[in-house]
Amino acid sequence: MKELDPLLHSQLRLAVMSILMNVEEADFVFLKEKTEATAGNLSVQLDKLSTAGYISIEKGFVGKKTRTVCQATPLGRKAFEEYVEALKEYLNL
């Protein structure tokens with residue numbers, strides 16, 4: 001059986017990737033609300049996904065407020081799809 005990607009096996013990182021697979025992009029506030037994560041924990045997990053090349057992060061401004069926008073990269077999409085396929089194998093689906 002295929003090994004599960006340890007980077008995606010984390011509950012919060014898996015939740016973030018699941019959200020990003022279904023939208024073109026999502027900002028930090030949206031991800032924080034949907035995952036019910038703390039800002040600090042979400043920030044750390046986004047950095048891990050970004051370092052792995054699974055997501056891209058763009059920081060900018062809307063007026064005077066900072067805005068952080070995340071997108072799943074092609075590598076991240078492939079890794080997520082492979083993770084789901086591996087899970088299906090484990091579950092005999």
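Student: Which strands does α1 lie across, and at what angle does it run to β3?
Tutor: Helices (H or I, at least four residues) and strands (E, at least two) are DSSP runs, numbered from the N terminus. Contact means heavy atoms within 4.5 Å, and axes are lines fitted to C-alpha atoms, for helices over the stretch in contact, with angles from 0 to 180 degrees between N-to-C directions. Here, α1 lies across β1, β2 and β3, and its angle to β3 is about 85°.

Student: What pLDDT do local features need here?
Tutor: Residues are numbered from 1 along each chain as its sequence is written, and side-chain values use heavy atoms, with hydrogens and water left out. This is a predicted model, where totals for chains, interfaces and linings use all residues and side-chain atom pairs count only at pLDDT 80 or more, while local features need pLDDT of at least 70.

Student: And α3, at what angle does that run to β2?
Tutor: α3 lies across β2 and β3. Its angle to β2 is about 125°.

Student: How are α1 and α3 oriented to each other?
Tutor: α1 (residues 11-20) and α3 (residues 39-51) have axes 10 Å apart and pack at about 70°. Angles under 35 degrees count as roughly parallel, over 145 as roughly antiparallel, 65 to 115 as roughly perpendicular and the rest as oblique. That's why these two helices come out as roughly perpendicular.

Student: Which residues of α3 make that contact with α1?
Tutor: On the α1 side you'll find L12, R13, V16 and M17. Their counterparts on α3 are N41, L42, Q45, L46, K48 and L49.

Student: What is the strand order in the sheet?
Tutor: Two strands pair if DSSP finds at least two bridges between them. β1 (26-27) and β2 (55-62) are the edge strands, each pairing on one side only. The sheet is open, its pairing is antiparallel, and its 3 strands run in the order β1-β3-β2.

Student: Which residue in β3 is the bridge partner of D27?
Tutor: β1 joins β3 through 2 bridges, while β2 joins β3 through 8. E58 has V69 as its bridge partner in β3. For D27, the partner in β3 is also V69.

Student: Is T73 buried or exposed?
Tutor: T73 sits in the loop between β3 (65-72) and α4 (74-90). Leaving aside neighbours within four places in sequence, T73 is in contact with G53, Y54, I55 and S56. Buried means under 20% relative accessible area, exposed over 50%, partly exposed in between (1.4 Å probe, protein chains only). T73 has 15%, so it counts as buried.
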